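Dear colleague,

I am passing on the structure we spoke about, and I would be glad if you could look through it before reading my notes below.

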Amino acid sequence: MARATLHFFMASILHCGAFKFLLERPLVVGIVNVTHNSFSDGGRFLDPSRAIAHGLALRGDGADLIDVGGESTRPDAEPVALEEELRRVMPLIEALAREGVPVSVDTMKPEVMRAAVEAGACMVNDVNAFRAPGAIDAVARSGVGVCAMHMQGTPATMQVDPRYDDVVAEVAAFLRARASALEVAGIGAERIVIDPGFGFGKTLAHNIALFRALPALATMGYPVLAGLSRKRSIGDITGRPVDSRMAGSVAAALLAAQNGASLVRVHDVKETVDAMKVWRAFGV
Ligand code: HH2
């Protein structure tokens, strides 16, 4: 099968609360981090009005969803207290939801999940794959979409010495087990997204192996999200610092989509949306 047709072959619908996304083309998820230490946009959106303006601008640039985070998961980032995380993300989630923007919340904390869903978030994106006590309960009955990501270790330790016998098999088994746990709790497959977690306890070689396995991961029965935007792998490959990784990131998003990712999580929305449009127009 030609690569470009793989995606369309598997088109289905992702249910995220009031929003239903037809996965006939890759969804572009725009990132807004309300943190001082995120590796790429840290410190830029601590002021709520700037964060809201940026979220609306990304939506205007063509983002299908806006992913709001209040706790950096960069290697060795300090955990953020619950009250502080709520203080950071809630004004932005409330404002974007009020404007009718599909909002995802990027959190590991069940209390933040509940508050965000209550405020109108239509998706919960958990880099810890809903392993915290109470995390599955926080989303099960809500109808929102859920994204379960693979991470080896914790952000504090994950990049110290990541090791796998078979990274693709281990990540796939983990994602299968987490998706089953979500389904057992009553979350239908149409609400579940899986994510191999590029850069979360992985070397460049691990990331490359997982990237090449995207077509296989995409056959597991759930849409796959790929998040490579401006990450260290892009820096390692291009030799560029964080603020010069846009072209590499767009290439990675496009290739991920061509290889079966249904969602790409990116900082550079406008450029990624344009690249996807060109691919779809010229693709065979
Ligand atoms: N990557 C980051 C954060 N959340 N969620 C998913 N599902 N997949 C990812 O690959 C992913 C994620 C890290 O990127 P960023 O939010 O830009 O940085 P930070 O964690 O430093 O805030």
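How many residues does helix α3 have, and what span does it reach from its first C-alpha to its last? In this model, which is predicted, helix α3 covers residues 82–98, a run of 17 residues, and it reaches 23 Å from first to last C-alpha, which is close to the 24 Å expected at 1.5 Å a residue. After α3 comes G100, whose phi is positive, near 80°.

I52 lies in helix α2, residues 48–60, and, leaving aside its neighbours within four places in sequence, I52 is in contact with P91, L92, A95 and L96. I52 and P91 are 39 residues apart along the chain, yet their C-alpha atoms are separated by 8.3 Å. Is I52 buried, exposed or something in between, and why? I52 counts as partly exposed because its relative accessibility is 23%, and a residue is called buried only under 20%.

Turning to the sheet, 8 strands form an open arrangement in the order β8-β7-β6-β5-β4-β3-β10-β9, with parallel pairing. The edges are held by β8 (192–195) and β9 (225–226), each of which has a single partner strand, so one side of each is left without a neighbour in the sheet. Helix α2 packs on this sheet, where it touches β3 and β4, and its direction makes about 170° with that of β3. Within the sheet, strand β6 (residues 123–126) and strand β7 (residues 145–149) run parallel and are joined by 4 bridges, and M123 stands opposite G145 in β7.

Finally, two loop residues deserve a look for their backbone angles. Most residues other than glycine have a negative phi. A129, although not a glycine, has a positive phi of about 55°; A129 is placed in the loop between β6 and α5 (135–140), and it is buried, with a relative accessible area of 0%. R230, which is likewise a residue other than glycine, has a positive phi near 60° and is found in the loop between β9 and α9 (232–238). R230 counts as buried because its relative accessibility is 14%, and the cut-off for buried is under 20%.

Conventions
Residues numbered from 1 in each chain as written. Predicted model: local features only at pLDDT ≥ 70, side-chain atom pairs only at ≥ 80, totals over all residues. Heavy atoms only, no water. Buried < 20%, exposed > 50% of the residue type's maximum accessible area, 1.4 Å probe, protein only. Contact = heavy atoms within 4.5 Å. Expected span 1.5 Å × (residues − 1). Pairing = 2+ DSSP bridges. Axes fitted to C-alpha atoms, helices over the stretch in contact; angles between N-to-C directions.
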